[in-house]
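Here is a briefing on one protein model with its ligand. Keep the sequence and the 3D view open while you read.

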Amino acid sequence: MTDVAAAVTQKTDAPFVELLAPDGAFARVYLDGAQVASWIPVGGEEQLFVSERALYGPGVSIRGGVPVCFPQFGPFGALPQHGFARNCRWRLLKSSVPDQGRVVFELTPSDMSHELRERMAAWPHDFAARLLVSVQAAELSITLEVENTGTDAFSFTAALHPYFRVSDSAVALVVGLDGCTYRDALRGGHEFVEQASEVRFPGNVDRVYYDAPDVLELHDGGRFLRIAKSGFADAVVWNPGAEGTASKTDFAPGDERHMVCVEAGAVRDPVCLEPRSFWRGTQRMTYGD
Ligand code: TA6
């Protein structure tokens with residue numbers, strides 16, 4: 001496809017592009033936040049959770065899918081929660097080939113509205129962020145690339161924050177985190193060492209696992225996702241619990257039973273980038289049953 005603009009569906013004020021690989025793997029990505037909001041692997045069903053109460057359009061982050069947290073993860077810094085990238089409209093680059101299952105988005109300060117630049121005032125750096133999304137067979141791959149285009153070094157934290165659809169969060173479990181030190185937001189931000197071979201979701205869970213293994217598994221009854229990362233040191237595991245969904249207008253009651261987040265993050269140690277240098281982090285999800 002030569003005209004990528006023609007690949008963008010503009011029916012509402014929430015434009016999106018759909019990826020359909022020759023083998024049938026599918027994804028939908030909104031330009032707002034470069035947010036993947038649907039992923040259907042070959043041989044599987046929808047793998048991502050999006051709330052029926054999610055909001056769409058300029059400036060809002062969709063409640064679900066895969067938000068991009070940049071240049072700050074969580075509340076850990078001077079910016080608003082999770083930074084500003086998820087509130088910006090990204091540009092679809094010409095190198096995108098949606099009908100081959102690959103797209104690339106870019107965000108630079110010049111893409112940002114005056115209001116968002118004000119929001120960014122606490123992080124006044126020249127950067128180019130790119131998000132590469134691809135689907136093929138049973139896999140969704142997302143790479144966040146950050147380039148320092150300015151003359152001074154800067155640092156940032158970041159995460160890819162997928163909401164995975166699960167049949168029941170009470171039976172879902174994550175394997176691979178035993179032995180890792182984690183920061184538990186629900187226990188005063190104190191650190192603990194994971195003793196369990198399986199992390200479960202009996203209610204609200206909100207943890208950052210430091211230097212986590214590069215491959216984790218999410219089991220949901222008979223379904224299984226392999227969740228691999230590179231470039232990102234940490235993993236984040238989150239479920240809002242019933243109180244968490246009740247406290248947000250873009251969640252529906254009960255949503256907490258149908259989602260779990262297993263994220264790839266650079267959280268504890270900020271990434272420091274010298275001028276004209278790059279950083280890259282990838283999360284790769286593979287469906288199995
Ligand atoms: O990644 C987990 C987390 O940082 C939680 O603390 C929780 O607040 C979640 O992200 C969602 O944040 P949001 O700002 O999208 O409501």
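Asn 148 is buried, because its relative accessibility is 1% and the cut-off for buried is under 20%. This is a predicted model. Asn 148 sits in strand β9, which covers residues 139–148.

**Asn 148 and its surroundings**

- The side chain of Asn 148 comes to 3.5 Å from the backbone oxygen of Glu 274.
- Beyond its neighbours within four places in sequence, Asn 148 touches Leu 273, Glu 274, Pro 275, Arg 276 and Ser 277, among others.
- Its contacts also include Asp 126, Ala 153 and Phe 154.
- Phe 154 is also a member of an aromatic cluster.

**Aromatic rings**

- The whole structure holds 18 aromatic pairs.
- Phe 73 and Phe 76 form a stacked pair, because their planes meet at 25° and their ring centres are 6.3 Å apart. The limit for stacking is under 30 degrees.
- Phe 73 is buried, at 6% relative accessibility.
- Phe 76 is partly exposed, at 38%.
- Ring pairs join Phe 70, Phe 84, Trp 123, Phe 127, Phe 154, Phe 156, Phe 232 and Trp 279 into a cluster.
- Two arginines lie over ring faces. Arg 28 is over Phe 16, 5.1 Å from the ring centre. Arg 268 is over Tyr 210, at 4.6 Å from the ring centre.

**Ligand site**

- Which residues surround the ligand? They are Arg 63, Phe 73, Gln 81, His 82, Arg 86, His 161, Asp 206, Val 236, Trp 238, Lys 248 and Glu 263.
- Arg 63 places a polar side-chain atom 3.1 Å from a ligand oxygen.
- For Lys 248, an N or O atom of the side chain is 3.2 Å from an oxygen atom of the ligand.
- For Glu 263, the corresponding distance from a side-chain N or O atom to a ligand oxygen is 2.8 Å.
- How much of the ligand does the protein bury? Taken alone, the ligand exposes 390 Å², and the protein buries 87% of that.

**Backbone features**

- The peptide bond from Phe 70 to Pro 71 is cis, with omega near 0°.
- Pro 71 is in the loop between β5 (68–69) and β6 (91–92). Its partner in the cis bond, Phe 70, belongs to the aromatic cluster.
- Ala 137 has a positive phi of about 50°, although it is not a glycine.
- Ala 137 belongs to the loop between β8 (127–136) and β9. β9 is the strand that holds Asn 148.
- Is Ala 137 buried or partly exposed? It is partly exposed, because its relative accessibility is 35%.
- Asp 211 also has a positive phi, about 45°, and is not a glycine. Its place is the loop between β16 (205–209) and β17 (215–220).

- Pro 41 lies in the loop between β4 (35–40) and β5.
- Pro 41 is buried, at 2% relative accessibility.
- Leaving aside neighbours within four places in sequence, Pro 41 contacts Gln 47, Ala 137, Ala 138 and Tyr 287. Ala 137 is one of the residues with a positive phi.
- Pro 41 and Tyr 182 are 141 residues apart in sequence, and their C-alpha atoms are 31 Å apart.
- Asp 178 lies in the loop between β12 (173–175) and β13 (181–184).
- Asp 178 is partly exposed, at 43% relative accessibility.
- From Asp 178 to Val 193 is 15 residues along the chain and 7.8 Å between C-alpha atoms.
- Outside the four places on either side in sequence, Asp 178 touches Glu 194, Ala 196 and Ser 197.
- His 258 lies in the loop between α2 (241–246) and β20 (259–273).
- His 258 is partly exposed, at 32% relative accessibility.
- Its contacts, leaving aside neighbours within four places in sequence, are Phe 49, Phe 164, Arg 165, Val 166 and Ser 167.
- His 258 and Arg 117 are 141 residues apart in sequence and 35 Å apart in space, C-alpha to C-alpha.

Technical notes. Residues are numbered from 1 along each chain as its sequence is written. This is a predicted model: local features need pLDDT of at least 70, side-chain atom pairs count only at pLDDT 80 or more; totals for chains, interfaces and linings use all residues. Side-chain values use heavy atoms; hydrogens and water are left out. Helices (H or I, at least four residues) and strands (E, at least two) are DSSP runs, numbered from the N terminus. Buried means under 20% relative accessible area, exposed over 50%, partly exposed in between (1.4 Å probe, protein chains only). A polar contact is a pair of N or O atoms within 3.5 Å; within protein, one must be able to donate a hydrogen and the other to accept it, and residues adjacent in sequence count only if both atoms are side-chain atoms. Contact means heavy atoms within 4.5 Å. Rings of Phe, Tyr and Trp (its six-membered ring) pair if their centres lie within 6.5 Å; planes under 30 degrees apart count as stacked, over 60 as edge-to-face and the rest as tilted. A charge sits over a ring if NZ of Lys or CZ of Arg is within 6 Å of the ring centre and within 35 degrees of the ring normal. A residue is near a molecule or strand if one of its heavy atoms lies within 4 Å of it. Accessible areas come from the Shrake-Rupley method with a 1.4 Å probe; for residues, only the protein chains shown count as cover.
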